[in-house]
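Hi everyone, thanks for making the time. I'd like to walk you through one model this morning, so please have a look at it first.

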Amino acid sequence: MTDLPPEFAERPVRKAGQEPTASLTLDAYRRLKNELEQLTNEGRTHIAERLKAAREHGDIRENAEYDASKNEQALMESRIRNLERMLRDPDIIEAPVAAEVVAAGMLVTLRALDEDDPEDETYLLAESAEERAAGARTVTTTSPLGSALVGARPEQEITYQAPGGSFRYVVLRFEPSG
């Protein structure tokens, strides 16, 4: 594995049966770590300033700005807790270099078969919804589309069920995301 951050070299070995808190690429780990730092520092400071300003407008029982700030604060604190949980003890995974079938860490280009004028769509197939790739939407391996993609080959037709109905695609190509 390439250039792991020092916190991974120093962490103890997991006990038997202890699961990782997330499976992330090194890029996603670094991005989420930066997001957590930004939220806990500038994010909290910004919300505190907004709450203070809203309180100065008088009675907080009927203060829409105060209510909006409190809601934003709750959402931000929820995101902070989620990031802290994921980053506590993640598995750092590498995207595959090459493969004969679609696997996590690949960019997959599909074409819808049930549309009159379909456009090619590119997805990043990932273990975590936190993964990102430029120009691609992220789909997890546990989602209906993602699970249909795992193991697919070029020119293979896939079908999956979703709340909106049944969808058919053809796999045009795939490549490692890194």
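Predicted model: local features only at pLDDT ≥ 70, side-chain atom pairs only at ≥ 80, totals over all residues.

**Strands, rings and cores**

Residues are numbered from 1 along each chain as its sequence is written, and side-chain values use heavy atoms, with hydrogens and water left out.

Strand S3 (residues 106–112) and strand S7 (residues 165–176) run antiparallel and are joined by seven bridges. Strands here are DSSP runs of E with at least two residues, helices are runs of H or I with at least four, and both are numbered from the N terminus. Two strands pair if DSSP finds at least two bridges between them.

S7 is also antiparallel to strand S6 (residues 157–162), with six bridges joining them. Gln 161, for instance, has Ser 166 in S7 as its bridge partner. The hairpin from S6 to S7 passes through two residues.

Now to the aromatic rings. How many aromatic pairs are there? The count comes to two, with rings of Phe, Tyr and Trp (its six-membered ring) pairing if their centres lie within 6.5 Å; planes under 30 degrees apart are stacked, over 60 edge-to-face, and the rest tilted. Tyr 160 and Phe 167 are stacked, at 5.5 Å centre to centre and 25 degrees between the planes. The ring centres of Tyr 160 and Tyr 169 are 6.2 Å apart and their planes are at 10 degrees, so this pair is stacked. Together, ring pairs link Tyr 160, Phe 167 and Tyr 169 into a cluster.

Which of these are buried? Tyr 160 and Tyr 169 both are, where buried means under 20% relative accessible area, exposed over 50%, and partly exposed in between (1.4 Å probe, protein chains only). Phe 167 is partly exposed, at 31%.

Finally, the cores: sets of buried Ala, Val, Leu, Ile, Met, Phe, Trp, Tyr and Cys residues joined through side-chain atoms within 4.5 Å. The largest nonpolar core has 19 residues, and Leu 24, Tyr 29, Leu 32, Leu 83 and Leu 87 have the most contacts inside it. Helix H2 (26–55) and helix H3 (64–88) each supply at least two of its residues, and H2 gives the largest share, nine residues. Apart from this core lies another, of 16 residues, including Val 108, Leu 145, Tyr 169 and Val 171.
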